[in-house]
Amino acid sequence: EGCLSKNPKGVPDYDLSEIQRKAITQALAKPEEEMSANDQIKLALTSFNCIACHSRDGYGGPAKGLLPYLGTSQEGLGNEARMPPPLTLVGAKLKPNWMSKVLFDGESIRPYMHARMPKFGEDNLRFLPDLLAEVDKVESVSFPEPGRKERGKIRQIGTQLVGDKGLNCVACHNFNGKESPGFKGLDLITSHERLQPSWFYAFMRNPAALRPGIVMPNYWAGGKG
């Protein structure tokens, strides 16, 4: 009866198919069960339609028909520059403070990507960062904290690595506000603020394994360099 009937009268008519009516009826008949953290994440991403733009663990992502409407100023970077990043392992990727900035403060590091995420409000998604951190795991890697005397040397080595005398990351990435001469990839200066060290370690060893389709080269083929 009601809005689940084939010919609803005096109630909203959602034009449900027979399959939809059966699915809803079966779901309502099930006893309430405590949802796992992973299922809670799936429910949240579906409820707020995050999967219309983001993919996670092989589901979601923009339909092909939407791609022409996802613009970018960096066509050479391919779909990675127009499609919002995947949410697979995002709880292991992003530091909690940065995730909160993205979700609740509208923080963005991809100026070349024209699509922008709506704000859903902290009251609605306050639980999500902790759930993602609980579910998403990568192999933990320990990085010793450098002493005060070592920091300057390490900073110098790091700057050399990303520069044109090292791995030449600045050929495709902006760095500390200075634009790259080639592609204008996201600014590397934000990496420490955004990324969990263990995820970054895994990503650098094999970028395409964590971001299929990315144009970034692999400097450590087979995990060695």
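Let's start with R21 and E18, whose side chains meet in a salt bridge at 2.8 Å, N to O. By salt bridge I mean a side-chain nitrogen of Lys or Arg within 4 Å of a carboxyl oxygen of Asp or Glu. Both residues lie in helix α1, residues 18–29, three residues apart, about one turn of the helix. Helices here are DSSP runs of H or I with at least four residues, strands are runs of E with at least two, and both are numbered from the N terminus.

Before going on, a word on where this comes from. This is a predicted model, so local features need pLDDT of at least 70 and side-chain atom pairs count only at pLDDT 80 or more, while totals for chains, interfaces and linings use all residues. Residues are numbered from 1 along each chain as its sequence is written, and side-chain values use heavy atoms, with hydrogens and water left out.

Back to our pair: is R21 buried or exposed? R21 counts as buried because its relative accessibility is 13%, and E18 is partly exposed, with a relative accessible area of 36%. The cut-offs are under 20% relative accessible area for buried, over 50% for exposed, and partly exposed in between, with a 1.4 Å probe and protein chains only.

How many salt bridges are there by this rule? The count comes to ten. One of them joins R126 to D123, with the closest N and O atoms 3.0 Å apart. Here R126 is partly exposed at 46% relative accessibility, and D123 is exposed at 68%. Another brings the side chains of E179 and K184 together at 3.9 Å, N to O. E179 counts as exposed, at 57%, and K184 as partly exposed, at 23%. There is also a network of salt bridges that links R56, D57 and D136.

D57 has a positive phi of about 50°, although it is not a glycine. You will find D57 in the loop between β1 and β2, the latter being residues 59–60, and D57 is partly exposed, at 48% relative accessibility. N49 is another non-glycine with a positive phi, this one about 60°. N49 sits in the loop between α2 (37–47) and β1 (55–56) and is partly exposed at 47%.

Now for two lysines. Side chains of opposite charge can pair when their charged atoms come close. Leaving aside neighbours within four places in sequence, K93 is in contact (heavy atoms within 4.5 Å) with R110, R194, L195, Q196, W199 and R211.

K178, on the other hand, is found in the loop between α7 and α8. K178 counts as exposed because its relative accessibility is 64%.

Last, the pockets. A pocket is an open set of points on a 1 Å grid over the protein atoms alone, where a 1.4 Å probe fits, with protein on both sides within 12 Å along at least five of seven lines; lining residues have an atom within 4 Å of a point. Points are joined across faces, edges and corners, and a volume is the space filled by probe spheres set on the points.

The largest pocket has a volume of about 2100 Å³. Of the 49 residues that line it, V162, L188, S191, H192 and F200 are the closest to its centre. Two or more lining residues come from each of α7 (148–162), α8 (191–194) and α9 (197–205), and α7 gives the most, with eight. By class, this lining has 30 nonpolar, eight polar and eleven charged residues. For the classes, Ala, Val, Leu, Ile, Met, Phe, Trp, Tyr, Cys and Pro are nonpolar, Asp, Glu, Lys and Arg are charged, and the others, Gly among them, are polar.

The second largest pocket comes to about 830 Å³. It is lined by 33 residues, and the closest to its centre are H54, P84, P85, V102 and M117. Which element supplies the largest share of this lining? That is α4, with four residues. The lining divides into 23 nonpolar, four polar and six charged residues.
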